[in-house]
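Please walk through this model with the sequence and the coordinates side by side.

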Amino acid sequence: MGLRDRLRKGLSRSRETLSEIFYMGGEVDEDFWEDLEDHLVMDDMGAEVAMRVTDDLREQAAREGLRTARQLRAALAERISHEFAIADRDPFEDLPSCVLFVGINGAGKTTTVGKLAGVARGEGRSCLIGGADTFRAAAIEQLEVWGQRSGVEVVTRERGADPASVCYDVLERAERDSADLVLIDTAGRLHTSPELMRELQKVVRVTRKRATMPVSVVLVIDATTGQNGLAQATEFNEALDLDGLIVTKLDGTAKGGIAVAISHTLGLPIYRIGVGEGIDDLQSFDAAEFSRALVGDGEGE
Ligand SMILES: Nc1nc2c(ncn2[C@@H]2O[C@H](COP(=O)(O)OP(=O)(O)OP(=O)(O)O)[C@@H](O)[C@H]2O)c(=O)[nH]1
């Protein structure tokens with residue numbers, strides 16, 4: 001299955017429940033707009049975004065005489081696509097670049113680092129991985145497996161070492177080897193743990209200070225976490241002043257609306273999306289395509 005099909009399949013639940021609203025009575029009346037707004041809230045988009053999108057679509061429908069499910073769906077997808085923050089720089093393309101990956105446990109940080117290393121290697125770029133998750137021995141091993149898979153060297157230290165020192169090491173190494181892309185994996189942590197968030201602030205501070213290349217801090221977020229994703233992202237953003245997001249597991253049972261809510265509310269661009277566990281299962285983010293996968297485009301829905 002192609003990557004686009006995986007995204008469409010992953011978000012099929014969102015489209016199906018929306019189909020019920022569009023086809024039940026066929027009437028574009030007060031109930032229709034209420035149901036639509038409720039659906040967007042249930043789809044994890046958040047009340048504020050859902051209300052604004054619905055109100056705008058309602059005005060547009062009146063103005064342009066949109067009546068059919070196909071017309072309304074296409075306009076809805078278009079309207080949602082404008083909610084996403086736009087990236088002014090792609091930290092995986094505009095090199096040299098150092099990217100720190102942060103997020104809660106199991107969000108998909110290590111897997112994403114591995115996938116991105118695979119892409120960089122495939123494009124003939126000089127890339128290094130920093131293994132700053134020195135908390136778990138298994139994490140270092142897992143990253144080394146990804147390093148072998150992608151053909152990219154992993155710079156790390158023994159379990160229990162200071163994660164900031166790994167950042168220092170990998171940047172020093174990058175300078176020596178003229179590597180132009182440095183991907184640093186950090187240990188997963190709960191956004192509600194002040195001590196672990198302070199540790200991460202130190203990692204970011206040391207990295208920014210040591211780096212001679214631009215440093216980006218990217219939050220990896222599991223799309224299946226639902227509404228809690230916004231609380232997570234808000235805390236990480238307040239502590240670390242994030243640059244952007246990578247949303248993973250969009251091939252699963254995600255509702256997808258959480259990506260809209262976070263990107264819009266925090267003004268953070270989505271750099272990539274994860275649509276599977278394999279090395280090739282990473283996709284560039286295209287707001288229009290994502291929105292069509294989320295609500296359908298009126299074609300064959
Ligand atoms: N279906 C699917 N699974 C994914 C995706 N990305 C990651 N995973 C899976 O999610 C699980 C956790 O991924 P990891 O990369 O280990 O997550 P992590 O954030 O590094 O976890 P910690 O090291 O505990 O912080 C693994 O089983 C991955 O295979 C994705 O896009 N889709």
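The paragraphs below take up confidence, the annotated domain, the nonpolar core, the ligand shell and then several individual residues.

This is a predicted model, in which local features need pLDDT of at least 70 and side-chain atom pairs count only at pLDDT 80 or more, while totals for chains, interfaces and linings use all residues. Residues are numbered from 1 along each chain as its sequence is written. The average pLDDT of the chain is 92, and 97% of the residues score at least 70; pLDDT is the predictor's confidence in each residue, on a scale from 0 to 100. Helices (H or I, at least four residues) and strands (E, at least two) are DSSP runs, numbered from the N terminus. For the complex, the predictor gives an ipTM of 0.99 and a pTM of 0.95.

UniProt, in an unreviewed entry, lists residues 95-252 as "domain: AAA+ ATPase". Its positions are given in the numbering used here, feature names are shortened, and annotations may be inferred rather than shown by experiment. Over residues 95-252 the chain is 46% helix and 22% strand, with the end C-alpha atoms 32 Å apart. A cis peptide bond, with omega about 0°, joins L95 and P96. P96 is placed in the loop between α5 (69-81) and β1.

In soluble globular proteins, nonpolar side chains tend to be buried together. The largest nonpolar core here has 87 residues, and L100, V182, L183, I184, V218 and L245 touch the most other members. Such a core is a set of buried Ala, Val, Leu, Ile, Met, Phe, Trp, Tyr and Cys residues joined through C-beta atoms within 7 Å. A residue is buried if 20 or more other C-beta atoms lie within 10 Å of its own, exposed if 12 or fewer, and partly exposed in between, with C-beta atoms placed from the backbone. Not counting residues up to four places away in sequence, V182 touches C98, L128, G130, V170, L171 and A174. Contact requires that the two C-beta atoms, placed from the backbone, lie within 7 Å.

A179 is found in the loop between α8 (163-177) and β4 (181-186). A179 counts as buried because it has 23 C-beta neighbours inside 10 Å. Outside four places in sequence, its contacts are S126, C127, L128 and A174. L128 and A174 are also among the residues that V182 touches. Between A179 and S97 there are 82 residues of sequence separation and 9.3 Å of space, C-alpha to C-alpha.

What surrounds the ligand? Its shell holds 20 residues, and the closest are G108, T110, T111, G188 and G274; a residue is near the ligand if its C-beta atom, placed from the backbone, lies within 6 Å of it. By class, this shell has 11 polar, 6 charged and 3 nonpolar residues. Here Ala, Val, Leu, Ile, Met, Phe, Trp, Tyr, Cys and Pro count as nonpolar, Asp, Glu, Lys and Arg as charged, and the others, Gly among them, as polar. Helix α6 (residues 109-122) gives the most to the shell, with 3 residues.

R149 lies in helix α7 (residues 137-150). R149 is partly exposed because 15 other C-beta atoms lie within 10 Å. Beyond four places in sequence, R149 is in contact with G114, G118 and I279.

G226 sits in the loop between β5 (215-222) and α10 (228-240). With 14 C-beta neighbours inside 10 Å, G226 is partly exposed. Leaving aside neighbours within four places in sequence, G226 contacts D44, K255 and I258. D44 belongs to helix α3 (residues 30-45). D44 has a positive phi of about 75° although it is not a glycine, and its 26 C-beta neighbours inside 10 Å make it buried.

K249 also has a positive phi, about 60°, without being a glycine. K249 is in the loop between β6 (244-248) and α11 (257-266), and is buried, with 22 other C-beta atoms within 10 Å.
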